[in-house]
Amino acid sequence: MAEERGLAMVTCTAPVNIAVIKYWGKRDNDLILPINSSLSVTLHQDQLKTTTTAAASRDFAEDRLWLNGEEADVGHPRLQACLREVRRLARKRRGGGDEDAAPLSLSYKIHVATENNFPTAAGLASSAAGYACLVSALARLYGVEGELSEVARRGSGSACRSMLGGFVQWQRGERPDGRDSLAHQVAPETHWPELRVLVLVVSGEKKQVGSTAGMQTSVDTSPLLKHRAEAVVPERLALMMRHIRERDFEGFGQLAMRDSNQFHATCLDTFPPIFYLNDLSRHIIALAHRFNAHHGRTKVAYTFDAGPNAVIFTLADTVAEFVEVVRRSFPPAANGDQFVRGLPVGSASLPEELLAAVVTEPVPGAVRYILHTKPGPGPQLVDDPSQHLLGADGLPRRRA
Ligand code: DP6
């Protein structure tokens, strides 16, 4: 942490995660306690990450926040809950001792700047990475260590899973105070080196119903969601952990697809219904099933969150072929934009039988681009002070 003239500054990065057993529904809206446990894969920060700089100074007159360079409302209740919780842990850690003796006064105002390395408009879950990053940076700033998923959870439920790398379970917990509703690592990112992730960023409108409001209506109205939380998820969670432990792609992929489909079924069972999948999402689902049927086994698995972008899990040896199938199925508009981004993808020529069986009705321009990534680590501290998003004056640095 840089600390000079009463100014302390920390920068952290944090990852996006994608659930393979979905979280949908809260039993406590304020504490953000879920009705079921969930399980996700943390994606690599080389492709998708949030960077956050947090600074505290006795010279700051008020708390301030900048999102992607634009000043934003620092009074957001969830942001305030995270700030309050980190400060509470810091106070506890200092054992209620003399605050002036502590490295940083808890009464100083803070400045926070945060940026994503991916376009917010792409509709990729950014609140999970955002709150995980905020909590990581604040904790470092105040010298708080240890269990922080509980704090990130107060920002956004799924954010608690972005506090760890690899394969992560968010345990529902039983206690009304939420102290046992925490994220745990099931396996590190190195556990399954062949696993790859393709994010298919689709063209079109922004999502209509946010997750927070959507899941509340589902809890209030969907009998299927109640059944899912009570009877389906506990069994699936145990099964999914076994598939991950055994690196069984067939089992992992099948269950990921079924769980995504059931989540979207609970959305349809919500009243009034919520539609996150659109015609294109359904087109991608059918394409994945045709591809797997052609190969006679599960080679790709899709999952969708509260929006139409598809996330595809596959193994390294299938990436080039499937990317070519997507390119043929959704021929990109020739506007010079890079269609395949992220990790390199080799070239593949498709056998005629595969083309005939899988690429049936091409929809030009429907997929904007494909991002190729893989599982990655949890939040990181950025050591290089030139990477701070705030300058020595505590204001956003002008970007090059
Ligand atoms: C469909 O974590 O965004 O992505 O807790 O209200 O902030 P809040 O909701 P959020 O919900 C994520 C829902 C999901 C499934 C998942 O990530 O498990």
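With a relative accessibility of 6%, Gln-45 counts as buried (buried is under 20% relative accessible area, exposed over 50% and partly exposed in between, with a 1.4 Å probe and protein chains only). The model is predicted, so local features need pLDDT of at least 70 and side-chain atom pairs count only at pLDDT 80 or more, whereas totals for chains, interfaces and linings use all residues. Residues are numbered from 1 along each chain as its sequence is written, and side-chain values use heavy atoms, with hydrogens and water left out.

Gln-45 lies in the loop between strand S6 (38-42) and strand S7 (49-57). Helices (H or I, at least four residues) and strands (E, at least two) are DSSP runs, numbered from the N terminus. The side chain of Gln-45 is joined to that of Thr-13 by a polar contact of 2.6 Å. Such a contact is a pair of N or O atoms within 3.5 Å; within protein, one must be able to donate a hydrogen and the other to accept it, and residues adjacent in sequence count only if both atoms are side-chain atoms. A polar atom of the Gln-45 side chain also lies 3.2 Å from the backbone oxygen of Pro-377. Leaving aside residues up to four places away in sequence, Gln-45 touches (heavy atoms within 4.5 Å) several residues, among them Ala-14, Asn-117 and Gly-378.

Around the ligand there are 17 residues, of which Tyr-23, Lys-26, Ser-156, Ser-158 and Arg-161 come nearest; a residue is near a molecule if one of its heavy atoms lies within 4 Å of it. The shell divides into seven nonpolar, five polar and five charged residues (Ala, Val, Leu, Ile, Met, Phe, Trp, Tyr, Cys and Pro count as nonpolar, Asp, Glu, Lys and Arg as charged, and the others, Gly among them, as polar). Helix H4 (residues 211-221) gives the largest share of the shell, three residues. Oxygen atoms of the ligand lie 2.6 Å from a polar side-chain atom of Tyr-23, 2.7 Å from one of Arg-78 and 2.8 Å from a backbone N or O atom of Gly-157. The ligand taken alone exposes 460 Å², and the protein buries 94% of that.

The peptide bond from Phe-271 to Pro-272 is cis, with omega near -5 degrees. Pro-272 is placed in the loop between helix H6 (249-269) and helix H7 (279-295). Asn-68, a residue other than glycine, has a positive phi near 50 degrees; at 30% relative accessibility, Asn-68 counts as partly exposed.

Note on methods: Accessible areas come from the Shrake-Rupley method with a 1.4 Å probe; for residues, only the protein chains shown count as cover.
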